[in-house]
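Here is a friendly walk through one protein model, with the sequence and the 3D view for you to follow along.

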Amino acid sequence: MTDKIITIHIDGVPYDVPEGMNLVDAARVYAGVEIPIFCYHPKMDAVGMCRMCLVEVGFEVRDRATGEPVLNPDGTPQVRWGRKLETGCTTLTRAGLHIRTTTPQVQEARKDVLEFLLSSHPLDCPICDKGGECPLQNLTMRHGPGTSRMVFEEKMHLAKNVPLGDLIVLDRERCIQCARCVRFQAEVVGDDVLAFHERGRRLEIITVSNPPFDTYFSGNTTDICPVGALTSVDFRFGARPWELQDVPSISPHGPVGENIVASTRLDRDSGGVKVIKRILPRQNEAVNEIWISDKTRFGHHFSMSPNRLRTPLIRKRGELVEAGWDDAIKAAGKALKEAGSSVGFIGGPMMTNEDLFALRELAELVGSQRLGVWPPNLGDPRPVAEVGLASGSRLVELGKGDAVLVIASDLEEEAPIWYLQAKQAHDRGAAVIVANMRVTKLEHYANEVIRFGFGGAVDVLNGLTAAALADDLADPAALERAEGLAALRKALKGKAAHQQAAATLARASNLVIFAGDDGLDPAGHSALLQAAANFLIVTGHAGRRNNGLVPVWPGANTQGAFDLGFSAAETRAMLQDPPEVLVIAGADVAYDPAWAGVLSRSTVIVLSLFPDATVARAAVALPIQSFAEREGTFTNALRRVQRFYTLHGPVGQSLPAWEVAALIGQRLGGPKPRHSAALVMKAITESVSQYAEMSYPALAQVEKQFPPVGEAPGFYGGTAKAPTGGTGRQWPCLAEGGGRLPLRPAAAPAPVRAGDGELVIVPVRRLYDRAPEFYASTLMHGRIPQPFAALNSADAARLGIAAGDSITITVAGSSLTVAAVVDDYAPAGVVLVPQRLSDDPLPFVPTAGVVARAAIAEAV
């Protein structure tokens, strides 16, 4: 599609549309004409398989000598119509195009297509999960035959309950062979785990992976399926669509901030209370488009988990006992009052902006400035505020001439939607460069892979920046805006490296850098973010739409915590100098063995969803509400503030964390709690400059989206929802203001060195883990790997360890036993240990430790 505007005629009416646009899309968007479809989807290539979109196509006749249109006697252009109908989804707009969508020939073709589809389709609409939101139902009522000529004896009887895996079930009788699911996995995701088998009427969908349907995006196939052939085990036979109330929300898992809709209902099996029956994607082209990961889709069950902390707890005579809210608030207030200003606050990754602001107000009330964020291994976020992804950016627009650099991050495991978008950017022609110390899946779609040793991430970016400065790849205008150029040149002298990659990135029309913390300590993470900022500034990619730095934070609202004055540096400071009272909200601090001493020395007040190991060390434990029980906001790593809404009632006696903090403050002489989260956000807009335009009414506004999902029944099919409830707002980074931009030398700190008999234990993140917020979804247990650690083959041979052996890792005064995976994707001298696959504590930063063979175990 180009920017050139041309005129086409639809049913005799002229419309101005972009040249090269898909005809189905152009007719819907510009003419309001719905050409019916089954196989076509605007996020995938057109294949013309279902033939439902057949239309009459003609072109204006032009004089061969002059090139001018040949006119009829009445002055209208002569149109030469094709002899046969053509598929609208494979037709692109061009000047002089005419189509007819309502002629008897077109209507007869649609009726015939539907009659063939229904010839063996089961009449089980009353029990079909798709009933009530089914494109086949809708289009049959609109275009289908009024009576059936099907010969019942010739009906194909196929299996109706075929598990494609442990999450998705196929009804082979309902499948209309549109191939949307197969194409989605192949084209969009790149996981070719589904395929067609057999031919003709026996054609069927099969899974070709082991384990079956092995992908992080399987649930999306149920959304785009235009019939009830694919259903999820989470929702199958769970409710009728017309019984459900759709409520907009935001995913609490990860930094992307996927927009979702929760379908809720009063549920008899749950005691008559409102529950979440399913999670569906909600369109936001600036965030997740119309896709969500399976973790977001199926990881919501923690909100109603029977293992939730339901009542306040107070420690009496060494034991935690249940108490009323008045007594618990009184005990917490007493502890804070006695501690004076020696109070520290730690906010976890699922705490909302409202929660964090209330904690900040409580800290100000007691005279403390100790605001820490969890986890503690993160670096200085200033570069994100300076050169983060610019306002108005859409990753979906990256393509030919653009570039993406992913460094020190396994996007598929840490932020799967960004992995998908980086992969699709490559498919559209963007150059994707992956730099990591270990192999990641995105390398399959990388134009270039930069492999570095443990601790070498910062050196890679410094080398790229040095090459840009040395090879005249820097942008002269950008250098004039920069401060500190001389010091940066001096620090990078003689360090130019990876010249080809530097040229690709520097010359790109648009450049996005995803920077993680893989294998980095806090100093290394700070240096990496700054080094990325330096490259963006030097090459002129800072402050422009579709350009900037994207940090791969570990939580849903880590960016919001930074915006509100919390820092990982202060968390680490509390580790070295513990306060008398430590208030921990939504963070299982006890998982890090380094914090055992702090938890034993400080009086600990915990605001928690679950009775985790940190609660077990608390003097006071207060139950708080999940994202599903209240409204609030998260700020994703793109600095987009997004609003979510109440999905169901509170569990037990839980309260919003912001209200708990306000009640403690009131006990200490502060004001009464505000009446709603909206009023807390109003106070934030008055106190935090970046959030000045982030009121709830503003966040509820919707940006226009394409494709127009949900604007017409059946259009595009599927159950992805329209962007109701708001698409959020992104606060601008410093570079967008046109002022001076700081360049700072980013020195790579010396990496952790292992002593004799030691290896470096490097924690890494996996999408599926045993954190209580995800492990509560029991249907996902089969997808969570058993605890393991990955060793390089040379290290394994030296230690006498074979794949599948049970090994004990002793690190930071604690030990954990896991199965060994021997694979050279782990660098030599390094052991990669996924976090939260075991309940045993594990440091958040690389640490030297001892690995020993324990016993023979089954292979992972």
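## Aromatic rings

Four phenylalanines, Phe-302, Phe-627, Phe-634 and Phe-644, are linked into a cluster by ring pairs. Please keep in mind that this is a predicted model. In total, the structure holds 11 aromatic pairs. In one of them, Phe-184 and Trp-291 have ring centres 4.8 Å apart and planes at 50 degrees, so this pair counts as tilted. A tilted pair falls between the stacked class, under 30 degrees, and the edge-to-face class, over 60.

Where do Phe-184 and Trp-291 lie? Phe-184 belongs to helix α4 (residues 180-189), while Trp-291 is in the loop between β14 (273-281) and α6 (294-298), so their pairing ties together parts that are 107 residues apart in sequence. Phe-184 counts as buried because its relative accessibility is 0%, and Trp-291 is buried too, with a relative accessible area of 1%.

## Charges over rings

Two arginines are worth a look beside tryptophan rings. Arg-100 lies over the face of Trp-81, 3.7 Å from the ring centre. At Trp-731, the charged end of Arg-639 sits over the ring, and the distance to the ring's centre is 5.0 Å.

## The nonpolar cores

Which residues touch the most other members of the largest nonpolar core? Among its 209 residues, they are Ile-407, Leu-411, Trp-418, Phe-514 and Ile-605. Helix α16 (residues 522-538) gives this core its largest share, 10 residues.

Leaving out residues up to four places away in sequence, Phe-514 touches Leu-395, Val-404, Leu-405, Val-406, Ile-407, Leu-411, Trp-418, Val-550 and Val-552.

## A covered strand and its partners

Is strand β17 (residues 343-347) mostly covered or mostly open? It is mostly covered, with 5 of its 5 residues buried. Val-343, Phe-345 and Gly-347 point one way from β17, whereas Gly-344 and Ile-346 point the other way, and all of them are buried.

β17 runs parallel to strand β25 (residues 581-585), and 5 bridges join the two. Phe-345 has Val-583 as its bridge partner in β25. β17 also pairs with β18 in the parallel sense, over 3 bridges, and here Gly-347 has Val-373 as its bridge partner. To get from β17 to β18, the chain passes through helix α8 (residues 353-366), and this β-α-β crossover is right-handed.

## Backbone spots to check

Most peptide bonds are trans, and most residues other than glycine have a negative phi.

Asn-210 and Pro-211 are joined by a cis peptide bond, with omega about 5 degrees. Pro-211 lies in the loop between β10 (204-207) and α5 (219-224). The bond from Trp-374 to Pro-375 is also cis, with omega near 5 degrees, and Pro-375 is in the loop between β18 (371-373) and α9 (382-387).

Gln-177, which is not a glycine, has a positive phi near 60 degrees. Its place is the loop between β8 (168-170) and α4, and Gln-177 counts as partly exposed because its relative accessibility is 25%. Asn-546 likewise has a positive phi, about 65 degrees, without being a glycine. Asn-546 is found in the loop between α16 and β24 (548-551), and at 7% relative accessibility this asparagine counts as buried.

## A look at Arg-489

Arg-489 sits in helix α14 (residues 485-492). Is Arg-489 buried or partly exposed? Its relative accessible area is 40%, so it is partly exposed: buried would need a value under 20%, and exposed one over 50%.

Beyond its neighbours within four places in sequence, Arg-489 is in contact with Leu-469 and Leu-479. Arg-489 and Ala-470 are 19 residues apart in sequence, and their C-alpha atoms are 9.2 Å apart in space.

Methods. Residues numbered from 1 in each chain as written. Predicted model: local features only at pLDDT ≥ 70, side-chain atom pairs only at ≥ 80, totals over all residues. Heavy atoms only, no water. Core = buried A, V, L, I, M, F, W, Y, C linked by side-chain atoms within 4.5 Å. Buried < 20%, exposed > 50% of the residue type's maximum accessible area, 1.4 Å probe, protein only. Helix = DSSP H or I, 4+ residues; strand = E, 2+ residues; numbered from the N terminus. Contact = heavy atoms within 4.5 Å. Phe/Tyr/Trp six-rings, centres within 6.5 Å; stacked < 30°, edge-to-face > 60°. Lys NZ or Arg CZ within 6 Å of the ring centre and 35° of its normal. Pairing = 2+ DSSP bridges. Right-handed = clockwise from strand over helix to strand, strands pointing away.
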